[in-house]
Amino acid sequence: MTTLTPAENTAPRRTALGRAVLFLVVACVLTSGIYFARKSGADPQVYSSDFNVYYYAAREVTVGRDPYGRSLGEWTPYLYPPLLAELLVPLALLPLPLAAYAWFVISAASILGAAWLSALLATERGVTSIAWRVLLAACAVLVVLRFVLDNFNLGQVNPLIAGLAVAHVYLYARDRKTLSAIALCLAVSIKLTPALLLLYHVARLRLKFAAACIALIAAVTFASFLPFGANGVDAFRMFVSRTVKNEQGYDFAYSGNQSLRGAVARLTDHAAHSEESRSPLSAVTLAISMVLLLLAFIGSVRAEGELGAVVPLFCCFVLLSPLSWKAHFVALVVPAAYLFSRARDSTGARRILVTSVLVITFALFNLISPRVIGLAAAEWSDAHSLVLAGGLLVFVACVVSSPTRKFGKASPVC
């Protein structure tokens with residue numbers, strides 16, 4: 001007769017408990033989707049959330065038009081490359097409420113997947129329990145919880161971008177380079193900022209892989225304009241004009257813009273709604289951006305492990321983009337997971353530094369909401385770029401806290 005050890009006796013109970021918790025989480029997420037889907041309303045001709053813009057653009061594609069010629073509203077145009085609208089064509093065939101619910105499920109799965117893959121990458125060395133990885137992923141989501149809810153409320157694309165970007169890193173780390181390149185291609189072809197991850201590969205001397213990714217991105221982007229036929233060139237010009245050059249006329253000095261460009265515009269462009277505040281670049285912004293990119297590059301070269309090498313560039317998604325609404329900072333779920341792992345693995349002053357950054361960042365990201373501190377205090381916080389300050393703290397902590405890899409072997413050039 002075989003006698004089971006105490007650990008073997010408790011293993012089935014832990015498995016059953018884990019399944020029960022997973023079922024409860026999935027049920028809560030799917031149920032909450034009903035609430036968030038209602039934010040998009042029922043009329044596809046009326047702006048209620050950003051998903052309405054994507055849905056409207058996809059409907060334009062279904063009838064053979066490009067997504068730039070007609071807009072849902074004067075200040076709610078479609079700003080992304082056409083691939084997002086084209087990928088959403090299946091949802092455009094559904095009634096708006098049902099399409100909005102499907103979009104919520106995609107967004108929720110993306111943010112949970114981003115947190116989980118980040119936890120896997122952060123604990124790739126040594127033996128780590130599933131419970132710790134679940135806790136790490138949950139804590140990472142908690143740091144950016146306000147931004148997660150903002151994205152669900154507004155129906156934005158940022159969770160999907162975060163999920164694709166971290167999937168790119170995870171797949172590369174598992175030596176699945178083709179799928180990794182496809183994930184990065186999709187992310188960049190939907191929203192341009194993940195192209196910064198190419199710098200991470202250059203820093204790791206993966207020059208052939210970076211070149212292959214660039215070629216794939218260029219091919220997919222070119223192909224995404226082909227369905228518009230003779231109007232494809234005009235559609236491309238409209239995209240560049242509206243999104244890259246900001247001829248739409250967004251005021252970067254608006255307090256909701258928590259990017260580096262927004263902070264510089266609020267500090268230096270004293271005339272309200274000035275031409276300078278509508279320019280995507282300024283000399284000061286460019287100089288600081290180059291310093292941050294250099295630090296991120298050095299961090300990628302020196303860092304041990306894939307996640308430590310790439311997290312500074314995830315921070316740059318929101319720091320260096322000319323226009324970063326607070327909801328865009330959901331991309332920092334990946335650096336947050338990394339910092340939690342460093343808080344556990346570090347000792348002494350480094351552990352105190354990382355833990356302090358996580359606590360301060362949680363406060364800056366979540367506790368300066370109008371619902372917590374009131375509208376006036378929240379507006380003051382935005383005007384003084386406190387969310388940006390939290391992003392900069394995360395960036396510095398990621399660069400400083402990462403252990404340095406040994407350079408005994410040459411980095412792979414592939």
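The following conversation goes through a predicted model and asks how each of its descriptions is reached.

Reader: What should I know about the model and its numbering before we start?
Author: This is a predicted model, in which local features need pLDDT of at least 70 and side-chain atom pairs count only at pLDDT 80 or more, while totals for chains, interfaces and linings use all residues. Residues are numbered from 1 along each chain as its sequence is written, and side-chain values use heavy atoms, with hydrogens and water left out.

Reader: What makes up the secondary structure of the chain?
Author: The chain has 20 helices and zero strands, where helices (H or I, at least four residues) and strands (E, at least two) are DSSP runs numbered from the N terminus.

Reader: How do you know whether the radius of gyration agrees with that of a compact globule?
Author: The radius is taken over C-alpha atoms, and the globule rule is 2.2 Å times the number of residues to the power 0.38. For 414 residues a compact globule would have a radius near 22 Å, and because the chain has 22 Å, the two agree. The C-alpha atoms fill a box of roughly 75 × 50 × 50 Å along the principal axes.

Reader: What share of the residues counts as buried, and what does that word require?
Author: Buried means under 20% relative accessible area, exposed means over 50%, and partly exposed lies in between (1.4 Å probe, protein chains only). By that rule, 50% of the 414 residues count as buried.

Reader: Why is Ser 385 called buried, and where does this residue lie?
Author: Ser 385 has 9% relative accessibility, and therefore counts as buried. This serine lies in the loop between helix 19 (375-383) and helix 20 (386-401), and its phi is near 55 degrees, a positive value in a residue other than glycine.

Reader: Why is Leu 205 called partly exposed?
Author: Leu 205 has a relative accessibility of 40%, so it counts as partly exposed. Leu 205 sits in the loop between helix 10 (197-203) and helix 11, and its phi, near 65 degrees, is positive in a residue other than glycine.

Reader: Why does Ser 321 count as buried, and which residues does Ser 321 touch?
Author: At 14% relative accessibility, Ser 321 counts as buried because the value is under 20%. Ser 321 is in the loop between helix 15 (306-320) and helix 16 (333-345). Contact means heavy atoms within 4.5 Å, and, leaving aside residues up to four places away in sequence, Ser 321 touches Thr 193, Ser 259 and Cys 316.

Reader: How does the span of helix 12 compare with the expected value, and which of its residues are buried?
Author: Helix 12 (residues 232-244) has 13 residues and reaches 17 Å from its first C-alpha to its last, close to the 18 Å expected. Its buried residues are Gly 232, Ala 235, Phe 239, Ser 241 and Arg 242, and what covers them includes helix 11 (207-225). Just after helix 12, Asn 246 takes a positive phi of about 60 degrees.

Conventions:
The expected span of a helix is 1.5 Å times one less than its number of residues.
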